[in-house]
Structure formats: structure tokens, C-alpha cells
Amino acid sequence: MHRLTHFYEPRLGHGLPHDPFNAIVGPRPIGWISSCAADGTANLAPYSFFNAFNYTPPIIGFASLEEKDTLRNVRATGEFVWNLATRQLAEAMNASSASVPPEVDEFALAALDSLPSRLVDAPRVALSPVHFECRVSQIVQLQSALGEAVNTWLVLGEVVAVHIDAALLPGGVYDTAAAQPILRGGGPADYFSIGKEQLFRMKRPR
């Protein structure tokens, strides 16, 4: 059976009301990154291109489209913290995405309290139930298939310390659904949440 498909080459445009790329590759976990400038000014910003890339050592990464405060901070200090964005914190996370000057503290802008980290200088979001303290391992400028530099930088960081709310560890096993993480969908405003109703289990073949 032949299915009708919409075909396009991204370099020539998608021909749709909204670019479907982000909606197709999703929903995506949110990189809610806190950092400090060299002068100690705190910064907090969400990134929709974020994920985990390695087990040992644990490495996570986020992509900064254009030169932004977070990128400048992690270059200067070599440190950052990932904070889990939850349904409870969705509005505050969104508020922290505002385009403001570098001297503006997004913790204050989003009415969020901060906590000190244990191994890095960047602060943590106090109400977030999970934090990864990270030290930068690589900053890579992306390039096209033709080798042309893209105005986007992939920041990779080794997780050197982890904080987990004990309530999310029943029997010592992390409960993803109980944390109520939010995920970025497509379009200008789509997000998703995770609940136990989405859970199913499937073991790998041996």
C-alpha cells in the first residue's frame, strides 16, 4: 500500500506552517542549566536540545544556539548544574527563558530560591528534586555536512555530583513518573508531562 508522504529538503524549506523537525524529534528532555559568570552573577536558562550521552563517566550535554550567557559562563568557569524541570516548576522554567541582559539573575526573575552546590560554584534550583553538578568536558562548535561552521555549540559535561530527593527513591529505585518531569514538544508552546499511565516495560533480548 502506497502512503502519501510529505517530502522536503531542509535546505530548501519545509513548506509547512511550522517546522516539524522539533516535533518529530520529541518530546525532548529539558536542559535547565544554572551557571555563574566569572564575577559570580548567577544565570539560569532552559535548553530544548539536551540529553545524556554516556554512563561511565556520566556525561550530559546541551546545545546553545548562538552565543548566550550560559555558553559564556561555562567557557569561563568550566562548570554548570542541570536541574530537573518538573510540572510544578513549569511556569518558573518558562520565566527563566526570557531574553534579558547578562547582569539579570534569572533565579530572581523567576522567583526561585537557590541552593549552593557541593563540588561546583554554580547554584541549584532549590525546588527541583534532582540536580547534576557538572564539569565541562568538551565544547564543540557544530558544522554542516560540508564542513561549514554552524552558530551552535554543543556543551558536554561530566556529572561529578548528583542530588536526588529521597522521596523519588522508593526501595532505592528512581521513580521517573513520580518526579513529573516535563518534556519539550514541537511548535512554539508544546510541552508534555510523564505519568504512570505512560509506563510500559520491555526487556532486551539476550
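**A patch, a core and some pairings**

Q: Which residues make the nonpolar surface patch?
A: V162, I164, L169 and Y174 make a nonpolar surface patch of about 310 Å², where areas come from the Shrake-Rupley method with a 1.4 Å probe and, for residues, only the protein chains shown count as cover. Patches are made of residues with over 30% relative accessible area and no salt bridge, like charges being joined within 9 Å and nonpolar side chains (Val, Leu, Ile, Met, Phe, Trp, Tyr) within 5 Å. Please keep in mind that this is a predicted model, in which local features need pLDDT of at least 70 and side-chain atom pairs count only at pLDDT 80 or more, while totals for chains, interfaces and linings use all residues. Residues are numbered from 1 along each chain as its sequence is written, and side-chain values use heavy atoms, with hydrogens and water left out.

Q: Where does V162 sit?
A: V162 is in strand β10, and helices (H or I, at least four residues) and strands (E, at least two) are DSSP runs numbered from the N terminus. V162 is partly exposed, at 48% relative accessible area; buried means under 20%, exposed over 50%, and partly exposed in between, with a 1.4 Å probe and protein chains only.

Q: And inside, how many residues does the largest nonpolar core have?
A: The largest nonpolar core has 18 residues, and I33, I60, F62, F80, W82 and V155 are those with the most contacts inside it. Such a core is a set of buried Ala, Val, Leu, Ile, Met, Phe, Trp, Tyr and Cys residues joined through side-chain atoms within 4.5 Å. Several elements give two or more residues to this core, including β3 (42-47), β5 (59-65) and α2 (69-77), and the largest share, 3 residues, comes from β10.

Q: What is I33 in contact with?
A: If we leave aside neighbours within four places in sequence, I33 is in contact (heavy atoms within 4.5 Å) with residues including L44, F62, F80 and W82. Apart from this core lies another one, of 14 residues, with L44, A90, A92 and M93 among them.

Q: Changing topic, what about α2: which residues are buried there?
A: D69, T70, L71, N73 and V74 are buried in α2, and the buried residues of this helix pack against β2, β3, β5, β6, β9 and β10. Just after α2, G78 takes a positive phi of about 75°.

Q: How many salt bridges are found in the whole structure?
A: A search of the whole structure finds 4 salt bridges, each being a side-chain nitrogen of Lys or Arg within 4 Å of a carboxyl oxygen of Asp or Glu. One of them joins D69 and R72 at 2.6 Å, N to O, and these two are separated by about one helical turn because they are 3 residues apart in helix α2. D69 is buried at 13% relative accessible area, whereas R72 is partly exposed at 38%.

Q: Which pair links distant parts of the chain?
A: D175 and K196 meet in a salt bridge of 3.0 Å, N to O. D175 lies in the loop between β10 and α5 (176-179), while K196 lies in the segment after β12 (191-193), 21 residues apart.

Q: Last one: how many disulfides are there?
A: The search finds 0 disulfides, a disulfide being a pair of cysteine sulfur atoms within 2.5 Å. For C36, the nearest cysteine sulfur, that of C134, is 14 Å away.
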